[in-house]
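Let us walk through this structure from its overall layout down to one residue.

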Amino acid sequence: MAKIQKRKYEKTDDAEISLVLQCNDSHEFYEKYREMFPNRKKGIDSISKIWKRRSEFLKKQQAETQSSESTERSAHEFENLVSAQNKILAELSTVMKEQLKVSREILARLPKQIQKPEEHTQKPVEIRQPEQKEHAKKPGTERPSDIMIGS
């Protein structure tokens, strides 16, 4: 037979969780719980189970506040970084515009130089290859001619 799974804990409302976090001890929590929720039919065992989960609720609340603070902080830091980057880029662009303006003024004042085609065209350097010399014939390498033995 299949077992029916029960909840480990009863579902707690946000109002119950906030009440748990406000109280310092279990007696105070029990009294305030009965005042705030008079129509709920929970017994002392159910209320004590809620109190026992107090550390769990505290951890969840701290994690939620830290995550919301970190996202707010990171968004604020991101805005600061982007604004600093924009300032730097604006300074760079003004410096570059000034540099271009100065360069144009310098170029406008310089006389235009007419370049002679002979000066700037380089003649190709001829690569000399060593001439092939005929190998000197050694005297001993020739074939002997017919020798006539005579009188």
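**From chain to core**

Take contacts in the chain between residues at least 6 apart in sequence: 49% of them join residues at least 24 apart. Contact here means heavy atoms within 4.5 Å. This is a predicted model, in which local features need pLDDT of at least 70, side-chain atom pairs count only at pLDDT 80 or more, and totals for chains, interfaces and linings use all residues. Residues are numbered from 1 along each chain as its sequence is written, and side-chain values use heavy atoms, leaving out hydrogens and water.

The chain has 5 helices and 0 strands. Its elements run α-α-α-α-α from the N terminus. Helices (H or I, at least four residues) and strands (E, at least two) are DSSP runs, numbered from the N terminus.

Of the 151 residues in the chain, 11% are buried. Buried means under 20% relative accessible area, exposed over 50%, and partly exposed in between (1.4 Å probe, protein chains only). The chain exposes about 15,500 Å², and carbon and sulfur atoms supply 53% of that. These areas come from the Shrake-Rupley method with a 1.4 Å probe; for residues, only the protein chains shown count as cover.

Now the interior. In soluble globular proteins, nonpolar side chains tend to be buried together. The largest nonpolar core here has 10 residues: Leu-19, Val-20, Cys-23, Phe-29, Tyr-33, Phe-37, Ile-47, Ile-50, Trp-51 and Phe-57. Such a core is a set of buried Ala, Val, Leu, Ile, Met, Phe, Trp, Tyr and Cys residues joined through side-chain atoms within 4.5 Å. Helices α1 (14-22), α2 (26-36) and α3 each give two or more residues to this core. The largest share, 3 residues, comes from α3.

Trp-51 lies in helix α3. Trp-51 is buried, with a relative accessible area of 18%. Not counting residues up to four places away in sequence, Trp-51 touches Val-20, Cys-23, Asn-24, Asp-25, Ser-26 and Phe-29. Trp-51 and Cys-23 are 28 residues apart in sequence, yet 9.4 Å apart in space, C-alpha to C-alpha. Phe-29, leaving aside its neighbours within four places in sequence, is in contact with Glu-16, Leu-19, Val-20, Cys-23, Ile-47, Ile-50 and Trp-51.

Helix α3 (residues 44-52) and helix α4 (residues 54-109) pack at about 40 degrees, their axes 4 Å apart. That makes α3 oblique to α4. Angles under 35 degrees count as roughly parallel, over 145 as roughly antiparallel, 65 to 115 as roughly perpendicular and the rest as oblique. Axes are lines fitted to C-alpha atoms, for helices over the stretch in contact, and angles run from 0 to 180 degrees between N-to-C directions. Ile-50, Trp-51 and Lys-52 in α3 meet Arg-54, Ser-55 and Phe-57 in α4.
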